[in-house]
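Thanks for coming. I have one structure to go through today, and I will keep it short. Please have a look at it first.

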Amino acid sequence: MVLSQPFMAWGGYWAIPAVVLLAFVSLFFYRCVFYPMYLSPLRYASRAPLSASFSPFLSFLLGPFSGQFLAVTKGEAGIIQDDWLERYAKDKGVVRVLGPAWTERLVVFNPDIWRKILVEGHDNYIKPRTWRNPLKIFLGEGIFTVGSPECHTVLRKMINPAFSLINLASQTDRFYEVAEALVDAVAEQIEPAQSSTGCVLSVYPWMSRAALDIICSFAYSHYPKALRDQHSELAMALRTSFSAQNGWKQLILTIVISIPGLGSFLKSEPGWRTVEFITALIPQSPLSDLFDLFVSVMKSAAITRRIAKDIMDRERPDSLGLTSKWQTGSVIAVMENDLERDKADSYRFKISEDLVMGQIVSLMVAGYGPTSSSMSWTLYFLAANKDAQERLRQEVRSATANNSRPEYQTIKSLKWLDCVIMESLRILPGIPDVYLEANTTEHVAGMLIPKGTVLYFPVRAVNTSKSVWGPDAEEYRPERWLNRPAGLNVRDSFQSFFSGSHGCAGKTLAIMELKIVIAKLITNFEFDLAYEGQVPKLTYAFVMIPKDDMPLRVRRLQDTGCSE
Ligand code: HEM
């Protein structure tokens with residue numbers, strides 16, 4: 001009664017919603033107009049207006065809550081960023097956008113600033129908290145999710161030797177083994193009656209199984225043989241997790257797992273074991289797709305973590321540390337070597353079992369996701385550019401005429417193969433955007449970047465920038481790698497593997513496996529588009545994947561007999 005008296009005095013209970021509305025409008029005005037214009041430390045950067053992402057009405061309605069987030073996730077990765085680059089970044093090479101709940105983000109296009117942040121100031125930038133926490137449910141604590149720059153550097157140093165060219169080159173047989181199994185698996189999909197016409201095959205699921213087999217056989221001695229086992233638990237779990245990472249699904253999952261306490265529970269061992277137990281009992285719900293999605297994603301995350309734990313338990317040295325069962329040269333073997341007691345004790349954090357397990361899952365996911373997409377898109381581009389495909393077949397055939405498993409140096413020296421793959425990675429990078437958060441306040445190229453600012457690196461937009469790559473930047477022209485535009489600095493303008501201390505640790509491995517797999521496929525099959533006018537259908541996600549599983553017409557080349 002007492003509380004309501006002032007409102008009554010102002011004209012009855014209508015005053016309550018009126019006050020709430022007034023508070024909201026004031027907050028909106030402050031956050032969306034006054035703060036960004038007059039107070040924000042980022043006010044030197046031009047702002048991309050919300051109207052660039054929605055119709056004016058929707059911008060007014062949704063903008064305050066979602067910022068440009070919904071526009072970024074609902075569209076095709078890289079397209080809206082191209083618009084920002086063209087229209088708003090000209091002056092300083094950076095653009096200010098809004099993330100959810102009015103958080104300002106800085107989109108960085110300028111290669112000089114990019115280099116200064118990533119290469120020179122690497123310790124000062126970490127993965128954003130809002131990104132790390134939900135991801136921990138799937139990956140645990142590992143290279144993608146650790147908060148401390150020191151821990152990240154140590155984890156990075158531990159795995160780097162395993163990805164060295166020398167170590168990789170000594171293991172090419174593993175890649176050939178999988179590539180040949182892939183050739184056999186694809187050949188089995190073509191019925192004898194289809195030998196002249198070929199059949200339309202969704203290539204992405206096959207590429208993802210091949211990528212999974214390669215990373216697991218290389219990094220651990222766990223070889224899921226996902227290409228041969230249609231019911232591979234791990235392959236199915238990863239596929240489910242990846243399918244839930246786009247647009248609204250990602251948003252809803254993020255909100256649910258941000259419920260205080262839920263995230264920590266789900267990522268703990270009792271948590272994921274409970275989830276696996278309970279989700280196995282839940283039948284598919286006929287009522288709610290969303291509920292099914294949540295259950296299947298949680299179940300998949302739990303399965304992946306259980307398999308990672310099995311790998312760790314089975315293969316780590318016995319309790320006395322006497323007999324290491326890690327496969328020689330494997331990522332985890334190299335990491336384990338670095339875990340000698342005296343070294344580990346000198347770190348300011350504990351290299352716990354959780355951390356080793358998180359690394360196992362992180363490498364599995366990192367090696368699986370973008371590589372599967374890149375293999376699929378390379379095949380798409382070859383199907384759409386038959387001359388490039390034929391030229392590649394001739395090149396690979398002459399290099400493999402006397403040896404069906406040439407050493408990596410030979411594969412590496414194939415110029416056209418290199419052009420074909422680099423061009424595909426440039427136009428459709430597996431990871432289209434990268435986010436980092438400033439861990440300290442500093443000036444970069446004369447601009448103030450306050451601690452906590454989320455920086456957004458639009459990889460795809462930079463890779464296809466017309467001012468750098470020329471007016472045909474968005475066209476697939478592998479020959480551009482033979483005659484690169486004058487003054488082009490590939491290190492700055494090709495960012496598919498990102499750069500600096502957060503750049504891809506598996507770049508050499510990825511390029512090597514792409515080359516071996518594509519070389520094997522192209523000498524055994526001919527690829528055509530599945531239908532006229534086919535274009536890649538991309539989902540926006542952490543990893544860009546083909547929405548339609550990338551159907552292509554595949555015909556076995558008769559003159560090869562068996563897999564070359
Ligand atoms: C074509 C395939 C690949 C592409 C395009 C790619 C691209 C990238 C990009 C852009 C990043 C930075 C992501 C971020 O920080 O948000 C990254 C990070 C990483 N990638 Fe790759 N990647 C590929 C394959 C691989 C493979 C096969 C591995 C092997 C395990 C791998 C391991 C990693 C790791 C460990 C990181 C984290 C680096 C760090 O934060 O220190 N990647 N990759």
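This is a predicted model: local features need pLDDT of at least 70, side-chain atom pairs count only at pLDDT 80 or more; totals for chains, interfaces and linings use all residues.

**A sheet edge and a ligand shell**

Ile 126 sits in strand S4, residues 125–126. S4 is joined to S6, residues 434–438, by 2 bridges, and the two strands run antiparallel. As a reminder, strands of a sheet pair through backbone hydrogen bonds, either parallel or antiparallel.

Now the sheet around that pair. It is open, has 6 strands and mixed pairing, and the order reads S1-S2-S3-S9-S6-S4. The edges are S4 and strand S1, residues 46–47, each of which pairs on one side only.

Next, the ligand. Which residues come nearest to it? Out of 23 residues around the ligand, they are Ala 366, Gly 367, Pro 370, Cys 504 and Gly 506. Two elements contribute two or more residues to this shell: helix H19, residues 353–384, and helix H26, residues 507–524. H19 contributes the most, with 6 residues. By residue class, the shell has 15 nonpolar, 7 polar and 1 charged.

Finally, the chain as a whole. The chain holds 26 helices and 13 strands. It has 564 residues, of which 41% count as buried. Among contacts with a separation of 6 or more, 74% are between residues 24 or more positions apart.

That is what I have; questions are welcome.

How values were computed:
Residues are numbered from 1 along each chain as its sequence is written. A residue is near a molecule or strand if its C-beta atom, placed from the backbone, lies within 6 Å of it. Helices (H or I, at least four residues) and strands (E, at least two) are DSSP runs, numbered from the N terminus. Ala, Val, Leu, Ile, Met, Phe, Trp, Tyr, Cys and Pro count as nonpolar, Asp, Glu, Lys and Arg as charged, and the others, Gly among them, as polar. Two strands pair if DSSP finds at least two bridges between them. A residue is buried if 20 or more other C-beta atoms lie within 10 Å of its own, exposed if 12 or fewer, and partly exposed in between; C-beta atoms are placed from the backbone. Two residues are in contact if their C-beta atoms, placed from the backbone, lie within 7 Å.
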